[in-house]
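Please look at the sequence and the structure first.

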Amino acid sequence: MSAIAGLHDPRLLHGDREALVARMLRVQRHRGPDAQGIDALAALTLGASVLRTTRATPVPEPVRVTLPDGRTLLAAIDGVLHNRQELAANLERSGWPWRP
């Protein structure tokens, strides 16, 4: 069980969007009390929090990946990758940079 929150509003300042997403995560704290992270890209702000269910170190912040064509992808993911290292190596070999 974890929590994901997000907001897209180009009219709001970055700090205001971040404060609102942080508030959304606080309301869902019972779903992810172990760690949380927030990231923003242009007018989009995403947040994620984690409830540890395995010994793996949680990576609660949204994932940011720069695609080979220069575009940036920002995603909040609720799940566990048990073969994370193998997947990251395959992505790197394929030209998809991966931020651990």
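**Salt bridges in the model**

Asp 69 and Arg 71 form a salt bridge, with their closest N and O atoms 2.7 Å apart. The model is a predicted one, and it holds 3 salt bridges.

The pair Asp 69 and Arg 71
- Arg 71 is exposed, because its relative accessible area of 53% lies over the 50% cut-off.
- The partner of Arg 71 in this salt bridge is Asp 69.

The pair Arg 64 and Asp 39
- The side chains of Arg 64 and Asp 39 meet in a salt bridge, at 2.8 Å from N to O.
- This pair links distant parts of the chain, as the two residues are 25 residues apart.
- Arg 64 belongs to strand E4, which covers residues 63–66, while Asp 39 belongs to strand E2, which covers residues 35–41.
- Arg 64 has a relative accessibility of 26%, so it counts as partly exposed.
- Asp 39 has a relative accessible area of 18%, which is under the 20% cut-off, and therefore Asp 39 is buried.

The pair Asp 9 and Arg 11
- A salt bridge joins Asp 9 to Arg 11, and the closest N and O atoms are 3.0 Å apart.
- Asp 9 is buried, because its relative accessible area is 11%.
- Arg 11 is exposed, because its relative accessible area is 74%.

Technical notes: Residues are numbered from 1 along each chain as its sequence is written. This is a predicted model: local features need pLDDT of at least 70, side-chain atom pairs count only at pLDDT 80 or more; totals for chains, interfaces and linings use all residues. Side-chain values use heavy atoms; hydrogens and water are left out. A salt bridge is a side-chain nitrogen of Lys or Arg within 4 Å of a carboxyl oxygen of Asp or Glu. Buried means under 20% relative accessible area, exposed over 50%, partly exposed in between (1.4 Å probe, protein chains only). Helices (H or I, at least four residues) and strands (E, at least two) are DSSP runs, numbered from the N terminus.
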